[in-house]
Amino acid sequence: MKTHLLLLVPTLAAAAPLPFAVGTNTGGSGNSEGIYLSTFDPATGAISEAKLAAKYGNPGFLALHPDKPILYAIGRSEKHPRGSIAAFRRGEGSLEFLGEASAGGAGPCHLVVHPSGRTLAVANYGDGRTSTLPLDDAGLPGEPVSSIRIEGSGPNANRQEGPHAHGVYFSGDHLLVPDLGLDKTLVFKVDPAAAKIDPPEPSSWSSAPGAGPRHLALSPDGRHAYVVNELDNTVAACSFDKETGKLETLQTIGTLPEDWTGGGTTAEIEVHPNGRFVYASNRGHDSIAVFRRDPASGKLETVHIAPCGGRIPRHFAIAPGGEWLLCAHQESNTISALSLDPATGRLGEPRNTTAFPNPICILFLPPVD
């Protein structure tokens with residue numbers, strides 16, 4: 001008599017869809033009205049239909065409070081026509097407007113919240129001011145405490161006639177600010193309890209003349225910083241001293257194919273959570289450049305340059321889990337999902353492209369308690 005063994009294989013629950021928010025340009029051709037919410041299914045790569053969650057003017061870039069269910073957006077309002085910071089309470093698939101404050105300058109383009117949850121920093125592209133705002137116990141922004149503008153210019157007369165702060169990034173007690181107009185990444189000392197920054201440190205870093213630093217990304221180990229230069233389509237790999245905030249150039253590498261003659265500008269940069277790869281987007285060529293990172297030296301090697309699925313990849317975000325990249329196409333008014341191989345860094349073909357009006361920023365959201 002034969003004995004048959006029944007093997008019981010546990011069924012793994014499908015990963016839950018990942019919620020994300022999309023910041024937009026409300027003055028563009030896509031007729032955006034504000035901030036949109038959606039979900040991404042990492043099992044299939046599907047992106048759900050965009051849902052308007054909050055009406056607000058030009059809520060381009062977004063950030064989260066570290067421990068409160070609050071989302072912040074740069075923008076513009078009737079009360080603050082030069083630039084504002086707005087706070088929204090997150091619910092399940094909803095956003096509730098809580099309040100706003102001045103951005104401390106003209107034309108805000110990027111923001112970040114300090115890990116303490118007491119300070120918010122904003123880069124104002126229009127007048128080149130770097131500003132810091134206090135966040136109260138409820139997470140609401142107050143009026144700016146610091147607003148610093150560094151005089152100067154660069155060799156590109158059309159884009160570098162003056163300072164243009166373009167990004168803000170906290171690291172310990174320093175704030176790093178790539179300034180496209182000055183060809184510098186400014187390093188400010190931060191007092192997060194007082195929401196104050198001091199004038200830039202002598203350790204502020206200079207790019208090649210006319211490069212136009214736009215955004216940066218720090219490696220997970222904090223030893224290296226990668227600055228994407230908008231105007232000359234390069235990435236600068238730098239060593240980074242967390243104690244002093246000092247950056248030193250290790251290498252500069254191009255983001256475009258050598259035979260490309262069509263021009264364009266870079267936009268976003270991100271380091272993979274495993275620390276082995278760096279990604280940078282090309283507007284005009286409409287692609288994502290993929291680099292292999294040497295964790296020891298910090299230097300980069302090109303893996304490939306992948307089509308992004310639409311026109312003008314203003315922003316992208318690597319999904320939690322590290323196996324997908326979502327890319328926002330500002331002129332196509334779409335977002336595409338690209339599979340990502342964490343072992344090789346390579347991106348797959350764009351798919352599941354979904355309509356979003358004038359997308360500028362993709363921000364994955366943690367669960368709401």
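Start by selecting Arg 276 and Ala 343: the side chain of Arg 276 reaches the backbone oxygen of Ala 343 at 3.0 Å. You're looking at a predicted model, where local features need pLDDT of at least 70, side-chain atom pairs count only at pLDDT 80 or more, and totals for chains, interfaces and linings use all residues. Residues are numbered from 1 along each chain as its sequence is written, and side-chain values use heavy atoms, with hydrogens and water left out.

Stay on Arg 276, in the loop between strand E22 (265–271) and strand E23 (277–283). Strands (E) are DSSP runs of at least two residues, numbered from the N terminus. Is Arg 276 buried, exposed or partly exposed? Partly exposed, at 38% relative accessibility; that label covers values between buried (under 20% relative accessible area) and exposed (over 50%), using a 1.4 Å probe and protein chains only. Now show what Arg 276 touches, not counting residues up to four places away in sequence: Phe 291, Arg 292, Arg 293, Pro 342 and Ala 343. Contact means heavy atoms within 4.5 Å.

Next, pick Asn 229, in strand E19 (residues 224–229). Asn 229 is buried, with a relative accessible area of 2%. Beyond four places in sequence, its contacts include Ser 207, Pro 213 and Thr 266.

Last stop: Leu 71 and Phe 88, the residues with the most contacts inside the largest nonpolar core, which has 31 residues. Strand E6 (residues 70–75) gives the most to this core, with five residues. Such a core is a set of buried Ala, Val, Leu, Ile, Met, Phe, Trp, Tyr and Cys residues joined through side-chain atoms within 4.5 Å.

Notes:
Helix = DSSP H or I, 4+ residues; strand = E, 2+ residues; numbered from the N terminus. Polar contact = N/O pair within 3.5 Å; in protein donor to acceptor, adjacent residues only side chain to side chain.
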